[in-house]
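Hello,

Here is the structure you were waiting for. Please open it first, then read my notes.

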Amino acid sequence: MKTLILYATKTGTTKKCAALLSARLGAENTDMRDIADGEPSLSAYDTLVLGSPVRLGRVDPRISGFIERHKPEIMMMRLGVFTCGCLPDRAADAFSKNFSLDLIEHAICMDTFGGELKPEKLRGTDRLIVKMMEAAAKTDERFRPVTRLLPDSMANFARELKKSAGEPV
């Protein structure tokens, strides 16, 4: 299985998760690419993993745009999608709002890998949103951010991808 992990990152958490996933999949057969460095060719890969942060319920627009431009190719590959965010209980909503039903049904696995709040890396609106979340969390548990990565989710994700390719898990 030759795998490309294509990710977008704002504060580095999605890149960190991509690297952890790459190690679980076997780094020798896995390439990582930040979409900020340009759109790669998919022709050398049989498996694509897309990773994106979720902000205000939305995945990074560069990932959404990549999917729109390359959907026929993506639908011919094994596909996994992960998100990083501090509200993992809302991951299912984020998937259904950001990805078409046919892409969701095509994906071998879709999961959230948790998140890390890094206020020192946030500016402007993002910093304001974190403050609003913290205030809302005082009265509504649903807004309490989960500020840790979820290694079990990463392990299960890697296991499912390997299993789909007939590789030992």
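Predicted model: local features only at pLDDT ≥ 70, side-chain atom pairs only at ≥ 80, totals over all residues.

Helix α6
Helix α6 covers residues 151-164. Its length checks out: 14 residues at 1.5 Å a residue should span 20 Å, and the end C-alpha atoms are 20 Å apart, so the two agree. Several residues of α6 are buried: S153, M154, A155, F157, A158, L161 and K162. Note that a lysine, K162, is on that list. The cover over these buried residues includes helix α1 (13-25). It also includes the strands β3 (47-55), β5 (78-84) and β6 (109-112). Just after α6 comes G166, with a positive phi of about 75°.

Cysteines
How many disulfides does the structure hold? The count is 0. C17 is in no disulfide; its nearest cysteine sulfur belongs to C84, 3.6 Å away. C17 is buried, at 0% relative accessible area. C109 also counts as buried, because its relative accessibility of 8% is under the 20% cut-off.

Loop residue L56
L56 is in the loop between β3 and β4 (58-59). Is L56 buried or exposed? It is exposed, because its relative accessible area of 69% is over 50%. Its backbone also deserves a look: phi of L56 is near 55°, a positive value in a residue other than glycine. Most residues other than glycine have a negative phi.

Best wishes

Terms used: Residues numbered from 1 in each chain as written. Heavy atoms only, no water. Helix = DSSP H or I, 4+ residues; strand = E, 2+ residues; numbered from the N terminus. Expected span 1.5 Å × (residues − 1). Buried < 20%, exposed > 50% of the residue type's maximum accessible area, 1.4 Å probe, protein only. Contact = heavy atoms within 4.5 Å. Disulfide = S-S within 2.5 Å.
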